[in-house]
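Biologist: I would like to understand the labels on this structure. Let us go through them one by one.

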Amino acid sequence: MDREHRLKRLRFRAWHRGVKEADLLIGGFFDAHAEGWNDAEIDLFEAMLEEQDVDIMAWAMGTAAVPERYQGTIMNALKTLNYVPISR
């Protein structure tokens, strides 16, 4: 599968998690960062999508320790939370 199709599939999976909060966090993160990812980062994000939403959200918010396999640039960017739209 080429990169474009792979990113389209990942975008769908990132935005259809089943919980609105997870959709905003994970989907918003994907939209903000995916275009700049290399193949290894795409692989890592794809693996992370297999995890439970509550775990991903806890890692992003810093309320749970990030497993070693997910530590790195993607998780650091996920933790910034500056890609989540907040109504004021």
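Biologist: Why is Phe-45 called buried?

Modeller: This is a predicted model, so the answer is a computed value. Phe-45 has 0% relative accessibility. Buried means under 20%, so Phe-45 counts as buried.

Biologist: And what makes Phe-30 buried or exposed?

Modeller: Its relative accessible area is 4%. The cut-off for buried is under 20%, so Phe-30 is buried.

Biologist: Why is the pair of Phe-30 and Phe-45 called tilted?

Modeller: Take the distance, then the angle. The ring centres of Phe-30 and Phe-45 are 5.7 Å apart, and a pair needs centres within 6.5 Å. The planes stand at 40°. Under 30 degrees would be stacked and over 60 edge-to-face.

Biologist: What makes the pair of Trp-59 and Tyr-70 tilted?

Modeller: Their ring centres are 5.4 Å apart, and their planes are at 35°. Trp-59 sits in helix α4, residues 53–61. Tyr-70 sits in the loop between α4 and α5, 11 residues apart from Trp-59.

Biologist: How do you know whether Trp-59 and Tyr-70 are buried or exposed?

Modeller: Check each value against the cut-off of under 20%. Trp-59 is at 5%, so Trp-59 counts as buried. Tyr-70 is at 4%, so Tyr-70 counts as buried.

Biologist: Now the charged side chains. Why do Arg-11 and Asp-31 form a salt bridge?

Modeller: The N to O distance is 2.9 Å. A salt bridge needs a side-chain nitrogen within 4 Å of a carboxyl oxygen, so Arg-11 and Asp-31 qualify. Arg-11 is in helix α1, residues 3–15, and Asp-31 is in helix α2, 20 residues apart.

Biologist: Why is Arg-11 called partly exposed?

Modeller: Arg-11 is at 41% relative accessibility. Buried is under 20% and exposed is over 50%. The value falls in between, so Arg-11 counts as partly exposed. Asp-31, at 38%, is also partly exposed.

Biologist: What makes Arg-13 and Glu-50 a salt bridge?

Modeller: The closest N and O atoms are 2.6 Å apart. The limit is within 4 Å, so Arg-13 forms a salt bridge with Glu-50. Glu-50 is at 58% relative accessibility. Exposed means over 50%, so Glu-50 counts as exposed.

Biologist: Where do Arg-17 and Asp-53 lie?

Modeller: Arg-17 lies in the loop between α1 and α2, and Asp-53 in helix α4. Their salt bridge has its closest N and O atoms 2.7 Å apart. The pair therefore ties together parts 36 residues apart in sequence. Both Arg-17 and Asp-53 are buried.

Biologist: How many salt bridges are there?

Modeller: The count comes to 8 salt bridges. Some share partners, and these join Arg-6, Asp-43 and Glu-46 into one network.

Technical notes:
Residues numbered from 1 in each chain as written. Predicted model: local features only at pLDDT ≥ 70, side-chain atom pairs only at ≥ 80, totals over all residues. Heavy atoms only, no water. Phe/Tyr/Trp six-rings, centres within 6.5 Å; stacked < 30°, edge-to-face > 60°. Buried < 20%, exposed > 50% of the residue type's maximum accessible area, 1.4 Å probe, protein only. Helix = DSSP H or I, 4+ residues; strand = E, 2+ residues; numbered from the N terminus.
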